Every structure is written in C-alpha cells, then in structure tokens.
Amino acid sequence: MTTVEQARLDNLRTAVSGQVAQRGEPGYDDAVAIWNGSIERRPSIAVRCLNTRDVVEAVRYARENNLEISVRGGGHSFAGHSLTEGGLMVDLSQMKAVVVDPQAQRAKAEPGVKWGEFDAATQEHGLAVPGGMISHTGIAGLTLGGGIGWLCTIAGLTCDNLVGAELVTASGEVLQVSEDNEQEVLWGLRGGGGNFGIVTSFEYQLHSVGPLVNFGFFYWRPERGTEVLKHIREVIPTLPANTAAFIAGTNAPKADFVPKELQDKPGWILALVGFGDEEELRDVVEPIRSAIPADSEVIEQLPYTALQGMFDHTAPWGGLAYEKAAHFDELTDEVIAVMVERQPLKSAHLSFTPILVAGGAYRDVPEASAAFSGSREMRYVINITAVCETKEEFDADRTWVRDYWTALQPYAVGNGSYINFMSEVDVNRVEAAYGPEKYPRLTALKSRLDPDNAFHLNANIPPATS
C-alpha cells in the first residue's frame with residue numbers, strides 16, 4: 001500500500017464510527033463469515049457500519065478508490081452477494097435498531113436486523129410483517145428481493161408491506177423514501193433487489209398476528225409420495241383465506257411428536273398454519289387425516305415466534321448451500337412423477353425440496369404495485385435446495401439440484417423467477433423474470449440512481465444507458 005493509499009484509509013478510519021477492518025485485523029473474520037460456506041470470495045476491506053453516515057463514507061471511499069462494493073445485511077443468501085473479491089464490503093450487520101409504533105401498526109428497522117429479532121420486537125404488541133421461514137435470515141435481502149413466508153396468504157409479500165426506507169445512493173446521497181416521496185424508488189425497492197443503493201432503514205406496515213397460531217404438521221414415508229402429493233394438490237385450493245400451507249420433500253424433524261424410528265428419515269411433509277380460531281384449523285385438517293393418514297402428525301397451538309424458527313435446522317450457518325427454483329400453476333401428475341423420482345437421489349440429509357404455496361393476499365396484490373420478479377398468478381414455487389457439510393456432498397447435491405430442476409422445466413410456467421432463489425445470476429434470466437413492463441422501469445431507475453452500476457453484486461439490473 002502506497003503512502004497516499006494508507007493516508008486515504010486512515011482518513012476513512014477517522015471518518016466512521018464503526019470498525020474498518022482489513023484481513024488479519026479485529027472484526028474482519030466476523031464480517032466475512034456469511035451463512036453460505038461455499039462462497040470463498042474475500043474483500044480487502046470491511047467497513048462495519050454503525051449508522052447511515054458510516055455507510056455514506058464507505059460508499060464514497062470505495063468509489064474514489066475504484067473498489068468493487070458488496071453489501072452485507074444478514075449475510076444469508078445462497079448467491080453470497082455479501083462478499084466481493086478484493087473490494088470493499090459495507091457491513092451493516094451491527095445496525096440492529098427496531099422501533100415499533102403499535103398504535104400506527106408500523107415498525108422501523110435497521111438493515112442488520114434478522115427476522116427472529118424483528119419478530120421478537122413486534123410480537124410484544126401482537127404484530128408482525130410477512131417474513132421468511134428461517135429466523136436468522138436478514139430482513140434487508142429478503143425484503144428487497146420480495147419476501148415469501150407464512151403470512152403471504154393474509155398479508156402479501158414482505159415487500160408489499162414496505163412503506164418507507166432510507167437509501168444511500170451510489171453518489172453518497174441520502175434519500176428519504178415513502179409513499180409520498182420518491183414513489184418510483186419505493187416501487188423499485190419492493191422487489192428490485194439491491195440495485196439502487198444501500199437501504200439503511202426499512203419501515204413496514206404491520207398486521208395483527210399471534211402471539212399464538214394454530215399449527216398442523218403431517219409426515220409421510222417417501223414411498224407414499226405420489227398418493228400424498230396428489231391429495232395435497234386437491235386440498236390446497238379449498239383452504240380458507242386465513243390458512244397458510246407449506247409442502248416439502250425433506251427429513252422428519254427430531255421432535256417429540258415424531259416416532260423415534262422416523263426422526264430424521266426422508267419423506268414428505270405438509271404444514272398448515274391457521275390464523276383464525278383453533279377449531280377452524282381442526283376442521284381443515286380432518287379430511288386430510290381421514291383420506292391419507294399420516295405416519296406422524298401434530299395439531300397444536302404454538303407461538304408465532306416458534307413457527308418462524310421451526311425450520312432453522314434446515315439452514316445451518318456455514319453449511320455449503322445451492323438452490324434452483326421454478327414456478328408452477330399446478331402439481332400435475334408429470335410434476336409429481338419427477339419429484340417422487342428425483343427427491344430420493346439426494347446425498348446430504350439436510351438437502352430438501354420446499355414447495356411454497358402462494359395464494360390469498362399474495363395473489364390479490366396488483367402486479368404493478370411492486371417490482372417483485374415472481375408472477376402473482378402462479379400457485380407453487382418448487383425450490384430444490386442442497387445444504388451440505390462436506391465438499392463431496394456439495395458436489396453431488398449441486399448436480400442433484402441441477403438435474404432435478406432440468407427435469408421439471410418442461411412443466412414450469414412463465415418466465416417469472418424469484419430473485420432471492422437465484423444461486424447463479426444470469427442477466428438474461430433476470431430480465432425475463434421482471435418482464436417487458438417492469439424491466440424498463442427498473443433500468444431507468446437504475447440509470448438515475450446508479451448510472452455506473454456500482455451496486456452490481458446482486459440480481460443485477462444494468463442501467464438503461466449501459
């Protein structure tokens with residue numbers, strides 16, 4: 001490092017409240033330790049921001065010194081966009097304030113907050129916003145990409161409930177974004193990813209949820225897959241509007257309600273969450289119990305916060321992870337045949353196939369209200385996921401994911417792709433995902449806020465002028 005470069009770095013250290021860490025310095029290893037252990041890129045500098053001013057200084061330093069910028073919120077993405085090779089990481093993980101206004105049913109949160117932390121704060125008031133299904137996922141990436149979870153049926157996507165934000169642009173300008181100010185920017189942040197700058201504050205509309213929800217869980221042995229999946233596809237359209245569903249090819253949990261001989265064994269599960277009264281869910285599950293008796297089941301009430309962390313074991317921190325997803329209108333016989341054939345071929349016991357069910361409020365939200373890349377018309381997202389402990393397992397199950405996804409492609413619908421489920425980003429796939437109406441709006445917004453494409457470590461939308 002030259003004397004001039006050292007002087008610039010010293011100035012950055014002086015300008016920010018948080019740590020500026022290079023390799024080998026305190027804080028660096030914590031900053032670069034992201035969720036997906038298969039990502040091996042390493043920045044030359046990590047700026048561990050404590051406030052918006054730190055973010056502004058970090059962006060300006062990176063731009064003035066021609067350093068690639070990566071942004072870490074929760075550090076929980078399959079693609080590993082948090083890490084740049086040799087550039088500057090803007091680490092937001094220590095910005096964790098959450099302020100809840102229970103009267104207005106609004107909450108403001110900083111970008112380092114994870115869903116478990118956010119839910120703990122809002123559930124003190126019996127409130128929630130749609131989040132993911134893993135409690136250690138960060139709010140930032142999930143919101144900016146869309147946000148599919150348990151509450152989508154009654155409240156839409158996470159991004160549908162984003163009503164305001166503070167945004168640091170590539171020039172270092174700080175924008176206050178709301179439904180009354182910078183409306184086009186707010187539209188772009190509702191699913192357009194991290195393309196337009198660094199969000200340093202999110203404001204959400206909250207909904208009355210919990211503290212208890214009604215939960216039904218069913219597990220069937222793998223050989224019953226065809227029978228089970230065909231019946232589930234008949235049940236899904238009949239569910240009440242206040243009932244969420246989740247299907248998966250996965251291993252049975254190590255839980256008291258699962259017989260010991262079935263715990264951690266492969267199979268098929270259906271989880272139902274009712275946000276009405278307890279008896280209503282029992283009425284929903286009774287036809288399922290009688291038609292396809294489960295090998296294990298439980299129907300109970302549990303805290304909403306427990307629901308949000310129920311599948312954390314499927315996404316251990318530091319595991320080697322990869323995924324590919326596709327959208328479907330129906331679980332046709334052909335789709336089910338592929339799933340039943342391919343699911344048992346995985347190597348790692350945590351590799352699984354979650355099937356997200358979209359309905360209710362998710363489909364009721366007008367398509368044009370958000371930049372979100374996934375279609376509002378589709379009913380199912382099949383997400384084939386490798387989660388491995390060793391490189392050997394990872395190599396095998398990455399191939400399993402790709403082959404499984406390829407086998408499903410003839411039956412997938414539309415060009416819609418959920419950008420948060422893209423392990424590998426292809427510019428043509430991103431353009432197809434947003435479609436001919438949204439994509440030009442997004443490229444125009446990118447041209448205004450980031451004409452040099454400084455924020456490109458994401459599901460990238462190049463400026464219209466490039």
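Select F394, D397, W400, V401, Y404, W405 and L408: in this predicted model, these residues of α13 are buried. Look down the helix axis and the buried residues of α13 fall within an arc of 125°, so they line one face of the helix. Now show residues 391-408, the whole of α13: the helix has 18 residues and spans 26 Å from first C-alpha to last, close to the 26 Å expected at 1.5 Å a residue. On the face turned away from the buried side, pick out K391 and E392, which are exposed.

The axes of α8 and α11 come within 10 Å and cross at roughly 140°. With angles over 145 degrees counted as roughly antiparallel, the two helices are therefore oblique to each other. The crossing of α8 and α11 is right-handed. To see the contact, show G225, T226, L229, K230 and R233 on α8, with D333, I336, M339 and V340 on α11.

Last, move to S44, in the loop between α2 (28-32) and β2 (45-48). S44 is partly exposed, at a relative accessible area of 24%. Beyond its neighbours within four places in sequence, S44 contacts A21, Q22, R23, G86 and G87. For a distance check, pick the C-alpha atoms of S44 and E173: the two residues are 129 apart along the chain, and these atoms are separated by 24 Å.

Note on methods
Residues are numbered from 1 along each chain as its sequence is written. This is a predicted model: local features need pLDDT of at least 70, side-chain atom pairs count only at pLDDT 80 or more; totals for chains, interfaces and linings use all residues. Side-chain values use heavy atoms; hydrogens and water are left out. Helices (H or I, at least four residues) and strands (E, at least two) are DSSP runs, numbered from the N terminus. The expected span of a helix is 1.5 Å times one less than its number of residues. Buried means under 20% relative accessible area, exposed over 50%, partly exposed in between (1.4 Å probe, protein chains only). The arc is that of the directions from the helix axis to the C-beta atoms. Axes are lines fitted to C-alpha atoms, for helices over the stretch in contact, and angles run from 0 to 180 degrees between N-to-C directions. Angles under 35 degrees count as roughly parallel, over 145 as roughly antiparallel, 65 to 115 as roughly perpendicular and the rest as oblique. A crossing is left-handed if the near helix is turned anticlockwise from the far one by less than a right angle, and right-handed if clockwise. Contact means heavy atoms within 4.5 Å.
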